[in-house]
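Subject: The structure I promised you

Hi,

Here is the structure we talked about, with the sequence alongside. Have a look first, and then read on for what turned up in it.

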Amino acid sequence: MSQRTERVDELLRQEIGSIVSRDVADPRVGFVTITEVETTTDLRHAKVWVSVIGQPAERDAAVEALRHAMPFIRHELGQRLRIKRIPDLHVQLDDTAERGTRILQLLADIETGSIPAADVPVAESLPTPIPRLHQPDDLVEEPPSAVRPIVPARPRHRRSGSHPTAARKTPRRNPR
């Protein structure tokens, strides 16, 4: 892969991520992250790898919504970028987060001494946080160093005359 292709890949990844987060209004596109973009050497096609947080049905719906939105995203890229050709965009689901979650699950099973299940499908792409259980040696109250004091916000004051349209007190002189 050439250095130019790598730069175009990174530029496309950033811009597509920006467009998806700000301009795509489809509610099926929830927590979507553009993880990577791979363009062909002739810049005619690009694989857009996306990671989606949620249940498998939600992930499939989000990927389908993104596939449906790709012509709009390609049009927006044409408006924003000054490159010769905007590639055709092909959405692919990036499952590295799921594989990472599976590895974490296997390590947790090994740590507890249980035998890991062979091929258990992962229900979510990220582990669900569980609330911390109270332990007997926990303090009743948080120590003062762990609690941040609430600081009231200071009101913002605008200086008179600092705004470009504010009236000037003294007229400008001719710089002759």
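Going along the sequence, the chain follows the pattern α-β-β-α-β-α. That comes to three helices and three strands, where helices (H or I, at least four residues) and strands (E, at least two) are DSSP runs numbered from the N terminus.

Before the details, a word on where this comes from. It is a predicted model, so local features need pLDDT of at least 70 and side-chain atom pairs count only at pLDDT 80 or more, while totals for chains, interfaces and linings use all residues. Residues are numbered from 1 along each chain as its sequence is written, and side-chain values use heavy atoms, with hydrogens and water left out.

**The sheet**

The three strands make an open sheet in the order β1-β2-β3, with mixed pairing; two strands pair if DSSP finds at least two bridges between them. At the edges are β1 (32-39) and β3 (88-93), each of which pairs on one side only. From one strand to the next the twist averages 30°. (Axes here are lines fitted to C-alpha atoms, for helices over the stretch in contact, and angles run from 0 to 180 degrees between N-to-C directions.)

β1 and β2 run antiparallel, over seven bridges, and E38 stands opposite K47 in β2. These two strands form a hairpin with five residues between them, and L43 in the turn has a positive phi of about 60°. Strand β2 (residues 45-52) and β3, on the other hand, pair in the parallel sense over six bridges. There, H45 has D88 of β3 as its bridge partner.

Helix α2 (residues 56-80) packs on this sheet and touches β1, β2 and β3, its direction making about 160° with that of β3. Contact means heavy atoms within 4.5 Å.

**The first helix and the core**

α1 has 20 residues and reaches 29 Å from its first C-alpha to its last, close to the 28 Å expected at 1.5 Å a residue (the expected span is 1.5 Å times one less than the number of residues). Several of its residues are buried, including V8, L12, I16 and V20. By buried I mean under 20% relative accessible area; exposed is over 50%, and partly exposed is in between (1.4 Å probe, protein chains only). The cover over the buried residues of α1 includes β1, β2, α2 and β3.

In soluble globular proteins, nonpolar side chains tend to be buried together. Here the largest nonpolar core has 27 residues, and I16, V20, V32, V50, I73 and L77 touch the most other members. Such a core is a set of buried Ala, Val, Leu, Ile, Met, Phe, Trp, Tyr and Cys residues joined through side-chain atoms within 4.5 Å. The elements giving it two or more residues are α1, β1, β2, α2 and β3, and α2 gives the most, with eight residues.

Leaving aside neighbours within four places in sequence, I16 is in contact with I34, V37, V48, I73, L77 and L89.

For the chain as a whole, buried residues make up 23% of the 176 residues. Among contacts between residues at least 6 apart in sequence, 61% join residues at least 24 apart.

**The salt bridges**

Side chains of opposite charge can pair when their charged atoms come close. This structure holds eight salt bridges, each being a side-chain nitrogen of Lys or Arg within 4 Å of a carboxyl oxygen of Asp or Glu.

R74 and D88 form another, at 3.5 Å from N to O. R74 lies in helix α2 and D88 in strand β3, so this pair ties together parts that are 14 residues apart in sequence. R74 is partly exposed at 34%, and D88 is partly exposed at 31%. Salt bridges that share partners also join E15, D23 and R80 into one network.

Happy browsing!
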